[in-house]
Amino acid sequence: MDGGYVDCHCHISATEFNEAGVRALISVTEEVSEFARVIQLSKVYPGLVAPCLGVHPVQRSGSQEQRSVTIKDLEPALPLFQKYKGDIVAIGEIGLDFTPWYATSSQQREEQQAVFIKQLQISKEMDLPVNVHSRSAAKVTIGVLKEHGVGRALLHNFAGKPSVAMEGVQAGCFFSFPPAVCRNEQRAKLIKQIPLEYICLETDSPALGPDKYVRNEPENISLACKYIARVKGIAEEKVMEATALNAFRLFPRIKMLDQQTDYSN
């Protein structure tokens, strides 16, 4: 297999990804208003941008004030999942965010779970994997995935306990880590325990870069690769190759995109 990184979770789509050695870019959405845009980008950059559609547990809805997702936020997305089912590689970004200032009540947490579960059901109907957000809700998120028989899942920027992560591994889940892991050693124990066969790379661009206050860029994906290699005590090339294989295994539809890309330039 030709070399190159696979960015399994980001919010940016631009030509500089080619320059950064990224061979496939899995671009997620957070709100329904983004659906048409990410599909359009996949047409503009065929063979590079692999679109996902999903409704995130935290919504902005045109304002700067973030809030917990509601069923009403999901409703307009439902016909679009069907409309674009032939164009997408996964359902995402979906999941749970129980951060106290977003989910202030048990009712909000329950509604988040209802939105999450509905999108998991859609992923099963479409035979697609899921790209999952989990913050302050690791155990519940893994539990919901297991309860609904969803094993083909990527837990992006996972920060839960290693024991919870291993529950996910046993269920078939993958875990991706962004360049932000380089800032401190908090994720080292987690990365050390998760088998390389279940690890992927991500940038989460434009967020989660090596510097908290600087826009994250595509080229920084190599920093996540280097960090994982250092923690596991293996060569960077092995991490790059293994994480790319993992991505193609989890998101098989990106193989078709990858075959369309010319890496000779």
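Select Thr203 and show its surroundings. Leaving aside neighbours within four places in sequence, Thr203 is in contact with Asp7, His9, Cys10, Pro178, Pro179, Leu208, Asn216, Glu217, Pro218 and Ile221. Contact here means heavy atoms within 4.5 Å. This is a predicted model, where local features need pLDDT of at least 70, side-chain atom pairs count only at pLDDT 80 or more, and totals for chains, interfaces and linings use all residues. Residues are numbered from 1 along each chain as its sequence is written, and side-chain values use heavy atoms, with hydrogens and water left out.

Stay on Thr203. Is Thr203 buried or exposed? At 0% relative accessibility, Thr203 counts as buried. Buried means under 20% relative accessible area, exposed means over 50%, and partly exposed lies in between (1.4 Å probe, protein chains only). Thr203 sits in the loop between strand 10 (199-201) and helix 9 (221-232). Helices (H or I, at least four residues) and strands (E, at least two) are DSSP runs, numbered from the N terminus.

**Zoom out**

Show the whole protein as a cartoon. Eleven helices and ten strands make up its secondary structure. The radius of gyration is 17 Å, close to the 18 Å that the globule rule gives for 265 residues, so the protein is as compact as a globular protein of that length. That radius is taken over C-alpha atoms, and the globule rule is 2.2 Å times the number of residues to the power 0.38. Along the principal axes, the C-alpha atoms fill a box of roughly 50 × 40 × 35 Å.

Colour by burial next. Of the 265 residues, 54% are buried. Then consider contacts between residues at least 6 apart in sequence: 66% of them join residues at least 24 apart.

**Turn to charge**

Select the charged side chains. How many are positive and how many negative? There are 29 positive and 31 negative side chains, and the centres of the two sets lie 5 Å apart. Lys and Arg count as positive, Asp and Glu as negative; His and the chain ends are not counted. Each charge is placed at NZ of Lys, CZ of Arg, CG of Asp or CD of Glu.

Side chains of opposite charge can pair when their charged atoms come close. A salt bridge is a side-chain nitrogen of Lys or Arg within 4 Å of a carboxyl oxygen of Asp or Glu. The count comes to seven salt bridges.

- Pick Asp87 and Lys43. Their side chains form a salt bridge at 2.9 Å, N to O. Asp87 lies in the loop between helix 4 (78-83) and strand 6 (90-97) and Lys43 in helix 2 (residues 35-44), so the pair ties together parts that are 44 residues apart in sequence. Asp87 is partly exposed at 28%, while Lys43 is exposed at 51%.
- Move to Arg67 and Asp73. This salt bridge also has its N to O distance at 2.9 Å. Arg67 is partly exposed, with a relative accessible area of 31%; Asp73 is buried, at 13%.
- Finish with Glu167 and Lys146. Their salt bridge spans 3.6 Å, N to O. The pair links distant parts of the chain, with Glu167 in helix 7 (residues 162-170) and Lys146 in helix 6 (residues 138-147), 21 residues apart. Both Glu167, at 26%, and Lys146, at 45%, count as partly exposed.
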